[in-house]
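Please take a look at the structure below. Then read on for a short tour of its sheets, its surface and some of its loops.

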Amino acid sequence: MSEELNHIDQIFSKALDNARIDPPAGVWESVSSGMSSATAVKTSFVWFKSIWLWTGLSVLSLATGAYLYLSPKPTATLASEVKGGKQGIKQSENQQPEFYNQSPENRQVVPEKNSNTGNLNIAGKMSSLPVESEAADYIEPKIQHAGFSDEKLEVLSATKQIETKSGVSGQDSRQQAALQCVHSLHITVEALGQSKWRFTSNGRSESCYWNINSSETIRGGAQFEYSFEGKGGIHFVSLKAKNLQGCDDTARTVVVVQSESPETMLFIPDYLTPNADGINDDLKVGIGPVGGYNLLVFDKFNRQVFMSSSPETSWNGKAGFIDCEPGVYTVVLSYKTVGSANWKTVRKSVLLKRGEE
Amino acid sequence: MAITVDITEKDLVQACLRQDGKAQTQLYKKYSPVMFAICLRYSANPDNAKDMLQEAFIRVFDRLDKFRFEGSFEGWLKRVAVTTCLDFNKKLKIEPYAEEIDNFTHLGAEAGVLSQMGANDLINLLQKLPVGYRTVFNLFAIEGYGHAEIAQMLEINENTSKTQLFKARKMLQAFVLNSDKSIE
């Protein structure tokens with residue numbers, strides 16, 4: 001049995017390679033009738049072929065004549081037409097403007113001749129898009145594509161409808177709750193010192209849940225004090241409380257705590273655009289309180305172009321009085337914390353852009 | 001009847017080329033069973049096979065003048081049949097090489113053990129395969145083409161061909177295993 005399964009290929013090929021199965025009746029009749037019509041088509045096609053060849057040739061010669069007649073060469077005589085024809089075609093290959101000046105009929109013919117030269121061919125197709133049957137071939141795939149995307153869109157909108165339906169029901173319940181509850185909770189912030197803050201809720205509830213940075217939750221009263229000692233930077237404080245009607249409400253606030261360590265606030269921009277529009281005109285380094293500060297800017301040849309020893313003095317993209325070339329510059333920032341003797345160094349590449357916003 | 005059974009292939013073909021109606025009928029009678037078996041293998045149902053056979057014979061008579069009497073005439077006929085079947089399936093506008101049906105246990109449940117099965121039963125099994133599996137399995141296992149050739153013929157990736165063959169075998173196995181279960 002398992003052997004058999006391993007030799008599925010052989011079993012099928014042995015049984016079916018030279019299998020003979022009598023076809024149902026009636027096939028031969030349709031074959032022979034199809035054959036006679038096919039041969040008829042074939043002979044008529046040959047006849048058509050020659051007709052088309054001659055029509056094509058005559059149209060081509062007529063078109064060439066028309067082209068020569070209409071070409072902007074009023075001095076061309078009938079005798080020189082043959083020579084002029086060759087020249088004309090060559091010129092249309094080389095001089096696009098002249099080609100565009102032709103009447104539309106000629107434009108359609110000439111690109112066919114120059115079908116090997118890319119630009120003109122495309123131009124010809126473009127100019128003839130609305131008229132020729134070629135245009136249909138051109139547009140058809142797009143339509144198909146659009147059909148596909150329409151289907152997809154339909155599916156998408158269907159799923160969206162479902163989503164919005166469920167969304168509506170959710171909203172309904174929320175709206176009903178909102179009819180009973182008035183959301184008016186907010187937090188008042190008061191700085192008590194360098195890093196100590198007092199938060200006051202406007203509610204009178206006893207059970208307030210204070211959350212700091214989505215990590216620490218403290219249960220407290222309407223008034224809450226918190227010290228961000230040694231935690232400089234941005235802190236999010238949120239409050240969840242119940243009002244007298246028993247409705248839940250939340251409020252949120254942000255405090256920015258100045259830090260002892262300068263790197264908490266350290267920020268060096270990625271680029272500067274010194275064009276006096278007030279946006280990123282100079283390289284403003286953001287940094288906390290420092291005991292020492294040194295900013296050096298080097299160009300790509302490692303030449304120093306700027307130096308500053310105060311965070312207030314920023315680089316404006318100039319080396320002395322000369323505008324620096326746009327490009328990449330290296331910023332080396334040295335600083336030390338207040339009361340410390342250790343210098344720390346930060347390096348960063350910044351981009352100097354000109355001619356942009 | 002003027003044309004006897006003993007008539008040689010070459011004479012028959014030449015007679016057909018002269019648009020001899022009797023010779024054409026003779027040729028059809030002689031080779032249609034072989035051709036029909038091929039069409040059945042590549043089709044999803046006997047109706048499609050019938051249409052394929054018709055198209056194949058129209059093509060055969062149309063291109064008979066291109067047969068150079070160099071190889072076997074039957075081999076040439078078979079190749080024409082296979083190409084016709086491939087074209088036919090292409091025209092059916094099915095996406096044949098998509099990943100189809102991973103769970104196909106529900107498809108089996110008939111026929112006995114493979115070796116005891118006749119050509120008709122095997123063809124029934126083949127016709128149950130998705131068109132992509134069926135085509136690749138036919139071309140590889142029965143016609144004896146390599147994966148590279150199949151990939152070229154079907155305008156697919158060589159790896160796709162391998163995957164399709166593997167899946168076809170697996171599916172055929174599943175048919176047989178299922179039929180065993182149903183027997184027990």
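This report goes from chain A as a whole to single residues in chains A and B.

## Chain A at a glance

The model is predicted. Chain A has 357 residues, and 28% of them are buried. Its secondary structure comes to 8 helices and 14 strands.

Chain A exposes about 23900 Å². Carbon and sulfur atoms supply 56% of that area. Now take the contacts in chain A with a separation of 6 or more. Of these, 49% join residues 24 or more positions apart.

## The four-stranded sheet

Which strands form the open sheet of 4 strands in chain A? The order is β4-β3-β6-β7, and the pairing is antiparallel. The edges belong to β4 (216-220) and β7. Each has a single partner strand, so one side of each is left without a neighbour in the sheet. Neighbouring strands here are turned by 20° against each other on average, direction ignored.

Look at the pair β6(A) and β7(A). They are joined in the antiparallel sense over 10 bridges. In this pair, Ile234(A) stands opposite Val256(A) of β7(A).

## A nonpolar patch on the surface

Where do Ile234(A) and Val256(A) turn up again? Both belong to a nonpolar patch on the surface, together with Phe236(A) and Val254(A). The four residues have about 350 Å² of accessible area together. Two strands, β6 (233-242) and β7 (248-257) of chain A, each supply at least two residues of the patch.

Is Ile234(A) buried or exposed? It counts as exposed, because its relative accessibility is 56% and the cut-off for exposed is over 50%.

## The five-stranded sheet

Chain A also has an open sheet of 5 strands. Their order is β8-β14-β13-β9-β10, and the pairing is mixed. The edge strands are β8 (271-272) and β10, and each pairs on one side only.

Within this sheet, β9(A) and β13 (residues 327-336) of chain A run antiparallel. How many bridges join them? There are 7. As an example, Tyr293(A) has Tyr335(A) in β13(A) as its bridge partner.

Most residues other than glycine have a negative phi.

One is Asn302(A), with a positive phi of about 65° although it is not a glycine. Asn302(A) lies in the loop between β9 (292-298) and β10 (304-308) of chain A. This residue is exposed, with a relative accessible area of 61%.

The other is Glu155(B). Its phi is near 55°, again a positive value in a residue other than glycine. Where is Glu155(B) found? It sits in the loop between α7 (147-154) and α8 (158-183) of chain B. Glu155(B) counts as exposed, at 65% relative accessibility.

## A helix residue in chain B

Stay in chain B and find Asn124(B). Its place is in helix α5 (residues 119-128). Asn124(B) is partly exposed, with a relative accessible area of 37%. That label follows because partly exposed covers the range between buried, under 20%, and exposed, over 50%.

Now compare sequence with space. Asn124(B) and Pro46(B) are 78 residues apart along the chain. Their C-alpha atoms are separated by 9.6 Å.

Technical notes:
Residues are numbered from 1 along each chain as its sequence is written. Chains are lettered from A and ligands numbered from 1 in the order in which they are written. This is a predicted model: local features need pLDDT of at least 70, side-chain atom pairs count only at pLDDT 80 or more; totals for chains, interfaces and linings use all residues. Side-chain values use heavy atoms; hydrogens and water are left out. Buried means under 20% relative accessible area, exposed over 50%, partly exposed in between (1.4 Å probe, protein chains only). Patches are made of residues with over 30% relative accessible area and no salt bridge: like charges are joined within 9 Å, nonpolar side chains (Val, Leu, Ile, Met, Phe, Trp, Tyr) within 5 Å. Accessible areas come from the Shrake-Rupley method with a 1.4 Å probe; for residues, only the protein chains shown count as cover. A salt bridge is a side-chain nitrogen of Lys or Arg within 4 Å of a carboxyl oxygen of Asp or Glu. Two strands pair if DSSP finds at least two bridges between them. Axes are lines fitted to C-alpha atoms, for helices over the stretch in contact, and angles run from 0 to 180 degrees between N-to-C directions. Contact means heavy atoms within 4.5 Å.
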